[in-house]
Amino acid sequence: SSGINAEYGDSLYVGVTDVNGEEYHVESVDGEKGAFRCHLDVGLAKTSTGANIFGVLKGVVDGGLSIPYSSSRFPGYDSEAKSDNPETHRARIFGQHVADYMRELQGEDEEAYKRQFGRYIKEGITADSIEGMYAKAHDAIREHPEPQPKTEKKYESTQPKRRKLTLHQRKQ
């Protein structure tokens, strides 16, 4: 956020610029302010292997924050071999599981595909363009990491608001 960028600078702790799914830990630069260290508090979220909360963790670490973690909960980790598979993790980061599902559904049931991915179809997103869409989003975040200001939406009620009645009017 803006407070972190102002204090640590955008160029000191850049993080991962080429997203490859490999394990990455932020190292402090000698003679400079230490890397911004924080800890993941998952609260009541389920911490099963491949859970979305670990995708958030990977994104934040790749963004340059120092968070202690183990790759054992990332997608592609093999608990029997006690090793991770960066290619599987990279495919997950770039939405290849969604692309695979799109291809599968399109081949099996065109109607279900149109229902499930109607917005993607409308936006011109195909299974082959999903990775590019995510890469473009990563580049846009790197270029402008500040959150965009939210536009205030004004909602008008379809029903007019009833006036409050006085006690005398309510008793009548």
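User: How many residues does helix α4 have, and what is its reach from first C-alpha to last?

Analyst: This is a predicted model, in which local features need pLDDT of at least 70, side-chain atom pairs count only at pLDDT 80 or more, and totals for chains, interfaces and linings use all residues. Residues are numbered from 1 along each chain as its sequence is written, and side-chain values use heavy atoms, with hydrogens and water left out. Helices are DSSP runs (H or I, at least four residues), numbered from the N terminus, and the expected span is 1.5 Å times one less than the number of residues. Helix α4 covers residues 96-108, and its reach is close to the expected 18 Å: 13 residues and 18 Å.

User: Which residues of α4 are buried?

Analyst: Buried means under 20% relative accessible area, exposed over 50%, and partly exposed in between (1.4 Å probe, protein chains only). By that rule the buried residues of α4 are Gln96, Val98, Ala99, Met102 and Leu105.

User: What covers the buried residues of α4?

Analyst: Contact means heavy atoms within 4.5 Å. The cover includes α3 (86-93), α5 (110-116), α6 (118-123) and α7 (130-143).

User: Is Lys58 buried or exposed?

Analyst: Lys58 sits in helix α2, residues 52-62. Leaving out residues up to four places away in sequence, Lys58 touches Gly21, Glu22, Glu23, Tyr24, Phe74, His89 and Ile93. Its relative accessibility is 2%, so Lys58 counts as buried.

User: Which residue forms a salt bridge with Lys58?

Analyst: A salt bridge is a side-chain nitrogen of Lys or Arg within 4 Å of a carboxyl oxygen of Asp or Glu. An α-helix has 3.6 residues a turn, so residues three or four places apart point the same way. With the closest N and O atoms 3.1 Å apart, the partner is Asp62.

User: Which helices hold Arg90 and Glu131, whose side chains meet in a salt bridge?

Analyst: The N to O distance between Arg90 and Glu131 is 3.0 Å. The pair ties together parts that are 41 residues apart in sequence, because Arg90 lies in helix α3 and Glu131 in helix α7. Arg90 counts as partly exposed at 28% relative accessibility, and Glu131 does too at 27%. The helices are α3 for Arg90 and α7 for Glu131.

User: Are Glu123 and Arg119 buried or exposed?

Analyst: Their side chains meet in a salt bridge at 3.7 Å, N to O. Glu123 and Arg119 are 4 residues apart in helix α6, so about one helical turn separates them. Both Glu123 and Arg119 are exposed.

User: Which residues do salt bridges that share partners join into one network?

Analyst: The count by this rule comes to 5 salt bridges. The network is made of Asp100, Arg103 and Asp128.

User: How far apart in space are Thr17 and Val61?

Analyst: Thr17 is in the loop between α1 (2-8) and α2. Thr17 is exposed, because its relative accessible area is 65%. Thr17 and Val61 are 44 residues apart in sequence, and their C-alpha to C-alpha distance is 12 Å.

How values were computed:
Helix = DSSP H or I, 4+ residues; strand = E, 2+ residues; numbered from the N terminus.
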